[in-house]
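Please look over the sequence and the model shown below, with attention to the aromatic side chains and to the strands.

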Amino acid sequence: TIDVSDASPTVRVHPTAEALSRAAAAMFVSLGQRAIEARQRFTVALAGGSTPQRLYALLAEDAWREQLDWSAVEIFFGDERAVAPDHDDSNFRMANDVMLAPLAVPVKRIHRMPAERADLAAAAADYQAELARVFRLDVDAAAPVFDLVLLGLGSDGHTASLFPHTRALGVDDAWVAANDVPQLDTQRLTLTLPVLNRAAMVMFLVTGADKANVLAEVLEGPPDPARLPAQSVQPAAGLVYWFVDEAAAVKLSRPATSCGPTTGS
């Protein structure tokens, strides 16, 4: 594995999306083992979309599942579409079908965003209350510290459901926001930057040639976080890793040698 940056964020380039997913699974399990040993639990916010699906499938395979005490993993979500939990577009449904149900993660450890509700502002407040309960915090306290937050990168520079020039980018007094996304004519629930930027570890997963231009802009372009929200994810006391495949990395100017193939677990 190679790094193509001198400091945080750390960029790791893998030859294929499969190699990236296997490396991400190894890091996920390692972080989980350490967190459970230290604090008896591992707190994770999952990403939606297609990119992390292979990672989730790997974690449910025998070689990986046995390495982690899944009864000690608290599963949250970084964002959710305004659909029912059994809808094809639901981030929860994808993660549940591919990973959570096959792993038999206890229902009490799975905290999905109730984005199917008509009143998304109330749903956001309730999800913040759920975060406060699980992290044993007052709802008016500083944001919880996740052991790991998984994120993706949209071709428009969005991450979670923090889309360019949308209201939730400016939310600094709540952990969860209902976000109007006019460019998609929809609403989403999303964790806010105060939460993302308190994480102990953020892992971006980025694959495909269609992400090459925006990845280079986010990592190497001038600061423009209103247009490129992913630039705003800069944990004050945490680490940021970008796991990218060669197709997504082709526009990066920093010299890089690809990671070798990742096999097994």
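How many aromatic pairs does the structure hold?

## Aromatic pairs

The structure holds nine aromatic pairs, where rings of Phe, Tyr and Trp (its six-membered ring) pair if their centres lie within 6.5 Å, with planes under 30 degrees apart counted as stacked, over 60 as edge-to-face and the rest as tilted. One of them joins F76 and F135, whose ring centres are 5.9 Å apart and whose planes stand at 35 degrees, so this pair is tilted. Because F76 lies in strand β3 (residues 73-77) and F135 in helix α5 (residues 120-135), the pair ties together parts that are 59 residues apart in sequence; helices (H or I, at least four residues) and strands (E, at least two) are DSSP runs, numbered from the N terminus.

F76 counts as buried at 0% relative accessibility, and F135 is buried with a relative accessible area of 11%, where buried means under 20% relative accessible area, exposed over 50% and partly exposed in between (1.4 Å probe, protein chains only). Y241 and F243 form an edge-to-face pair, 6.3 Å centre to centre with 65 degrees between the planes; Y241 is buried at 14%, and F243 is buried at 1%.

## A cluster and a charge

F76, Y127, F135 and F146 form one aromatic cluster. The charged end of R41 sits over the ring of F135, 5.4 Å from its centre; a charge sits over a ring if NZ of Lys or CZ of Arg is within 6 Å of the ring centre and within 35 degrees of the ring normal.

## The open sheet

Three strands form an open sheet in the order β4-β7-β6, with antiparallel pairing; two strands pair if DSSP finds at least two bridges between them. The edge strands, β4 (79-81) and β6 (176-181), each pair on one side only. Neighbouring strands of this sheet are turned by 25 degrees against each other on average, direction ignored.

Three bridges join β4 to the antiparallel strand β7 (residues 186-191), and D79 stands opposite T190 in β7. Helix α5 packs on the sheet, touching β6 and β7, and its direction makes about 150 degrees with that of β6; contact means heavy atoms within 4.5 Å, while axes are lines fitted to C-alpha atoms, for helices over the stretch in contact, and angles run from 0 to 180 degrees between N-to-C directions.

## Basis of the values

This is a predicted model, in which local features need pLDDT of at least 70 and side-chain atom pairs count only at pLDDT 80 or more, whereas totals for chains, interfaces and linings use all residues. Residues are numbered from 1 along each chain as its sequence is written, and side-chain values use heavy atoms, with hydrogens and water left out.
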